[in-house]
Amino acid sequence: MNALKPWSRALGIAGAVLLGLWVVLGAVLAAPAWSLWATGGPGLLLAAGWVALEWTLVRTAVLSPGLRYGSNALLFTGAVVIAVALVNVITTRHSWRTDLTSNRFFSLSEQTRQIVKGLNRKVKLTVFVGARNTESGELRDLLELYGHASRQLDIEYVDPDLKPERAYIYKITGQPTVVVESAGKRKDILPQEMFGYQFNGQQPQREFKGEPVLTAAILSVASDQQSVIYFVEGHGERSIMDTTDNGIASLKAGLERDNFVVKTLNILKDGKIPADADLLIVAGPSRAFPAPEQKVLAEWLAKSGRLLVLLDNVSPPGLDAILKPWGVKPLAGLAVDPRSNYPFAGPMVPAPLYESHKITADLSKQGVAVILPGARALELGTVPGGTVLPLLKTTDASWLEADWQTEKTPKFTSGTDRRGPLTLAAAIAVAAPLTATAAGAGAEPASLPPHSPKIVVFGNTTFVTNGLRGTIETGFDLFANAVNWLSGSTESISIRPKQRDDRRIFLDNVKTNIMFTVSLIVFPLGVILVGVWTWWRRRSL
Amino acid sequence: MRRLWAVCRKELLCTFASPVFYIVAAVNLILFGVFFYVIVSASREAHLRYVFHNISVVLLFTSPMLTMRLFAEERKLGTFELLMTSPLTLLELVLGKLLGAALTFAILLALTVDFPILLLSFGRPDWGPLLTGYLGLFLMGLAFLAAGMFASSLTDNQVVAVVIGFGIALLLFIISWFSPQVGGPVGDFLEGMSISGRFENFARGVLDTGDVIFCLSLTGIFTFLTVRSLDWRRW
């Protein structure tokens with residue numbers, strides 16, 4: 001210790017400088033964590049070393065009459081309080097936290113954390129919510145997590161009752177509304193987008209969908225470019241404007257929420273595919289694709305096209321021809337799987353198994369099932385210079401029911417029905433693809449295109465119709481993953497709304513009485529008895 | 001350390017010899033029991049998040065009652081001068097008394113052990129939030145006890161000490177209410193100063209070093225202010 005004594009002044013100065021830097025970095029600048037550790041840790045050690053070496057000096061100074069009783073005493077007290085407050089500001093801004101709930105309910109998903117950490121510009125979230133709004137608790141909890149995850153997020157609460165002029169300027173119509181803004185782009189998140197109901201059986205359960213919509217909105221305003229998706233029309237496809245159970249309006253809303261621009265396209269009318277099209281979606285066509293349309297589509301696809309096809313019960317003429325060169329042949333009939341299906345609907349609604357692919361990886365990891373009511377099977381071939389991979393497969397107990405329109409209860413008929421496992425969805429990626437004419441004619445590939453075409457085919461459309469929204473939503477996640485894979489988006493949004501752990505307890509009269517007796521009588525009475533006994537004992541002393 | 005423990009032991013003996021503790025403890029346990037019974041039987045869920053919230057409000061009243069006599073009584077009984085002339089340092093005296101009050105409070109909290117046991121026998125509670133909830137209650141109570149001790153060091157009237165201690169604790173509890181009106185950085189500061197906001201994290205099962213350091217800092221500041229106050233009054 002004495003050997004270090006000559007160095008005490010140097011240690012003290014170095015410690016003070018490092019602690020000063022720590023304060024500036026932590027309280028003023030948005031410094032990375034390592035710099036705080038690098039300045040705070042050694043600074044504290046050096047300062048502690050100085051105090052230990054100069055203990056007599058420190059003790060004399062602190063206990064000096066000047067600091068204890070004079071006018072300096074107030075200053076000293078104030079300085080200590082300010083120093084502690086400053087330490088708190090820094091430790092709060094750069095704290096370490098862990099969520100100890102079993103399902104990590106108060107943590108952001110890994111996807112959200114990656115997205116908000118990767119933000120390279122400020123995103124402002126203005127939350128319009130009144131103090132008396134009963135629905136805002138979960139939203140506030142969630143926003144606190146966002147604020148903690150990134151210093152690029154600037155969160156402000158505005159009470160529309162106290163500051164109606166702000167609500168008027170922002171044109172706020174409901175509470176709570178979150179306005180997400182960055183670099184002149186704005187996205188509003190309305191209450192109905194965040195709060196909804198999940199129908200499990202007969203009992204509707206309130207559901208908070210804050211994280212998926214907030215993350216999507218942040219991504220949307222922070223991203224510089226948006227992919228454009230065209231839904232092909234003119235062949236009896238499901239409509240993105242149709243809000244009935246058979247329509248796919250909710251699919252459009254979901255894609256827009258995921259930062260895509262959604263438009264419609266009639267190839268026959270326009271005669272070409274727009275230059276800004278990043279992806280075409282053909283959702284359940286029922287009428288034929290005329291030859292000129294097939295040609296336009298095949299040419300575009302062979303160049304660098306990205307196509308997503310959702311099949312309905314029967315393929316219209318022309319569609320099979322478009323898919324054929326890409327190694328996919330839709331089979332006639334519907335898949336029946338008595339082993340893995342949706343138990344409330346039966347074997348005609350298979351719940352297929354996930355095959356290994358980037359599109360299915362998240363859902364497979366989460367262990368959530370997807371259902372495809374009345375699905376068709378695909379026969380997969382090969383495509384030169386590319387891969388044709390299955391995404392979903394039924395179990396080996398399944399079969400392809402050829403007589404599904406006449407048979408009331410499906411049963412396997414040898415000769416007409418085909419044994420499973422059946423492929424219900426496939427993804428095609430081509431690195432050395434087809435020429436336009438070759439693709440259209442189904443011939444062998446000849447030349448290399450500038451970009452690689454990608455195609456995803458689902459043997460079903462129903463799994464993404466409005467009717468299934470609110471019942472089994474995994475299909476929408478699978479669809480979103482497929483769209484992200486096709487459009488080359490690195491951010492795959494499949495964040496599920498957090499579900500509360502089911503920790504309900506069944507309380508009958510006996511249990512309620514036990515609760516009442518133990519918590520309200522036994523323990524308080526026990527304390528009173530001990531008190532009386534103590535009093536009695538002391539009285540007799 | 002030995003002298004600090006001696007002060008603490010003396011405090012505990014005084015506390016448990018006095019009927020005040022048993023009355024305060026029994027009333028508190030009845031209140032806690034009412035919260036537990038009403039909330040759990042209504043929600044039918046195996047967690048104590050909202051029970052903890054209600055208990056945290058009761059602590060505003062309970063903490064100053066546990067600390068009111070720490071210095072005010074010494075002055076009233078005339079033993080304060082004895083303490084001041086004893087070989088104890090002020091810090092040992094203050095920390096010893098705070099430790100005594102903290103142990104008393106810990107015993108009071110431990111007497112609610114029936115809540116998690118009942119939840120465990122009827123359902124499947126999530127242990128993480130239960131543990132952080134109790135930790136949060138203890139740390140928040142510790143800060144309130146330090147504030148109450150500071151209040152007790154200011155006066156020789158125990159009722160005045162309770163009123164001041166309650167006032168400080170209440171201010172720390174509700175300070176964030178002014179945040180929306182003020183807004184801006186001052187509003188954020190008031191939000192950060194709110195102990196009820198910090199407790200929210202503990203109650204829901206989130207352990208944050210910022211919250212732990214905040215509660216310990218408040219305890220430290222009020223302990224320091226108590227030492228200063230006693231030092232000032234000594235002369």
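**Starting in a sheet of chain A**

Let's start with a pair of residues: the bridge partner of Leu125(A) in S3(A) is Ile155(A). Strands here, like helices, are DSSP runs numbered from the N terminus, with at least two residues of type E for a strand and at least four of type H or I for a helix.

Quick housekeeping before I go on. This is a predicted model, so to speak of local features we need pLDDT of at least 70, side-chain atom pairs count only at pLDDT 80 or more, and totals for chains, interfaces and linings use all residues. Residues are numbered from 1 along each chain as its sequence is written, chains are lettered from A and ligands numbered from 1 in the order in which they are written, and side-chain values use heavy atoms, with hydrogens and water left out.

S3(A) pairs with strand S2 (residues 123–128) of chain A in the parallel sense, over six bridges; two strands count as paired if DSSP finds at least two bridges between them. Further along, Val127(A) sits opposite Tyr157(A) in S3(A).

Which order do the strands of this open sheet take? It's S3-S2-S4-S5 in chain A, four strands with mixed pairing. Strand S3 (153–158) and strand S5 (185–189) of chain A are at the edges with a single partner strand each, so one side of each has no neighbour in the sheet. The twist from one strand to the next averages 15°.

Is S2(A) mostly covered or mostly open? Mostly covered, with five of its six residues buried. Buried means under 20% relative accessible area, exposed is over 50%, and partly exposed is in between, with a 1.4 Å probe and protein chains only. Lying across S2, S3, strand S4 (177–182) and S5 of chain A is helix H10 (residues 210–222), which runs at about 165° to S5(A). That angle is between N-to-C directions, from 0 to 180 degrees, with axes fitted to C-alpha atoms, for helices over the stretch in contact.

**Over to the cores**

The largest nonpolar core has 76 residues, and Phe36(B), Leu48(B), Ile195(B) and Phe222(B) have the most contacts inside it. By nonpolar core I mean buried Ala, Val, Leu, Ile, Met, Phe, Trp, Tyr and Cys residues joined through side-chain atoms within 4.5 Å. Helix H8 (residues 127–154) of chain B gives the largest share of this core, 13 residues. There's a second, separate core of 45 residues, including Phe260(A) and Leu486(A).

Val51(B) is in helix H3 (residues 49–67) of chain B, and its relative accessibility is 1%, so Val51(B) counts as buried. Leaving aside neighbours within four places in sequence, Val51(B) is in contact with Phe35(B), Phe36(B), Ile39(B) and Phe115(B).

Notes:
Contact = heavy atoms within 4.5 Å.
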